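Below are some notes for a colleague who is opening this structure without having seen it before. They go point by point, starting with a single side-chain pair.

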Amino acid sequence: METSLHQQLKLHYACDASQTEVVVGRYRIDAVRSDELIEVQCASLSAIKTKISALLDRHTVRVVKPIILRTRIAKKSNSRGKVTSRRLSPKRGDTLDLFEDLIYFTRVFPHQNLILELALIHVEQTRVPGRRHRRRWRKDYRVADVSLERIESTMELRSAEDLFEMVGLDRECDSFTTEDIARVTGRPRWFAQKIAYVLKHTRAIEPIGRNRSGILYRAA
């Protein structure tokens, strides 16, 4: 089911409402603006990689990937009831979250006809009671909807170099490891390994050897 967030972002990026849900060939596109096809992808990028690859042969495509910076949780006693409470979730997102998703999109990005736009947003997540389960570890709620509160900023990525710059690595550095990536980004080593995977497979970096800390990389 389409969330309010997806619908709101489609309308935001389209010229007008008539330019949403447009059929192009055998695909339905979220929005069309000027000479760009726009696809808003709130879910995993892997779900649209075949579609985007096919469209890139003849069209300029802008894939909008929302990055949720802050979430306000609104609770209802039932799906039709009024909101009974609101609170901010302690979880925060940032641009580096993209790398976890890009692992499944490195055969598509980068491409000369592709613009990957990060929409850094604040949302409200509406929760209602879920079905009761005997197992206590099951969530006692379900997410009924997610809606847009505001777009804080956007960021365009068009090349592997853009990804490299986003990480904050020094291009003049002779070599670095995933330990260095973890230090620069403030993320754990396992996440730094995902960043390195994406940078390697988008040809932003290249392996040049190995030391005790692991594989050595340098900017490509």
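1. The side chains of Glu124 and Arg86 are joined by a polar contact of 2.7 Å. A polar contact is a pair of N or O atoms within 3.5 Å; within protein, one must be able to donate a hydrogen and the other to accept it, and residues adjacent in sequence count only if both atoms are side-chain atoms. Glu124 belongs to strand β6 and is buried, its relative accessible area being 13%. Buried means under 20% relative accessible area, exposed over 50%, and partly exposed in between, with a 1.4 Å probe and protein chains only. Helices (H or I, at least four residues) and strands (E, at least two) are DSSP runs, numbered from the N terminus.

2. What surrounds Glu124, leaving aside its neighbours within four places in sequence? The residues in contact with Glu124 are Arg72, Ala74, Arg86, Asp145, Val146, Ser147 and Glu149. Contact here means heavy atoms within 4.5 Å.

3. On the source: this is a predicted model, in which local features need pLDDT of at least 70 and side-chain atom pairs count only at pLDDT 80 or more, while totals for chains, interfaces and linings use all residues. Residues are numbered from 1 along each chain as its sequence is written, and side-chain values use heavy atoms, with hydrogens and water left out.

4. The chain as a whole has six helices and nine strands. Its C-alpha trace spans about 60 × 45 × 30 Å along the principal axes. Of its 220 residues, 44% count as buried. Among contacts between residues at least 6 apart in sequence, 60% join residues at least 24 apart.

5. In α1 (4–13), the buried residues are Leu5, His6, Leu9, Lys10 and Tyr13. Seen down the axis of α1, these residues fall within an arc of 135°, so they line one face of the helix. The arc is that of the directions from the helix axis to the C-beta atoms. The buried residues of α1 pack against β1, β2 (27–33), β3, β4, β6 and β7.

6. Glu21 lies in strand β1 (residues 20–24). It counts as partly exposed because its relative accessibility is 32%. Not counting residues up to four places away in sequence, Glu21 touches Lys10, Arg28, Ile29 and Asp30. Between Glu21 and Glu39, 18 residues apart in sequence, the C-alpha to C-alpha distance is 9.8 Å.

7. Gln41 is found in the loop between β3 (36–40) and α2 (49–55). Apart from neighbours within four places in sequence, Gln41 is in contact with Ala47, Ile48, Val64, Lys65 and Pro66. His6 is 35 residues from Gln41 along the chain, and their C-alpha atoms are separated by 7.9 Å.

8. The largest pocket holds about 720 Å³ of space. A pocket is found on a 1 Å grid over the protein atoms alone, as an open set of points where a 1.4 Å probe fits, with protein on both sides within 12 Å along at least five of seven lines; lining residues have an atom within 4 Å of a point. Grid points are joined across faces, edges and corners, and the volume is the space filled by probe spheres set on the points.

9. Which residues lie nearest the centre of the largest pocket? They are Cys42, Ile68, Thr71, Val123 and Gln125, out of 31 residues in the lining. Elements that give two or more residues to this lining are α1, β4 (60–76), α3 (98–102), β6 (114–129) and β7 (141–157). β4 gives the most, with eight residues. The lining divides into 14 nonpolar, seven polar and ten charged residues. Ala, Val, Leu, Ile, Met, Phe, Trp, Tyr, Cys and Pro count as nonpolar, Asp, Glu, Lys and Arg as charged, and the others, Gly among them, as polar.

10. In helix α4 (residues 160–167), Ala160, Leu163, Phe164, Met166 and Val167 are buried. They are on the same side of α4, because they cover an arc of only 160° around the axis. Gly168 follows α4 and has a positive phi, near 95°.

11. Thr202 sits in the loop between α6 (189–201) and β8 (205–211). Thr202 is buried, at a relative accessible area of 6%. The side chain of Thr202 reaches the backbone oxygen of Val198 at 2.8 Å. Leaving aside neighbours within four places in sequence, Thr202 is in contact with Thr106, Phe109, Pro110, Ala160 and Leu163.
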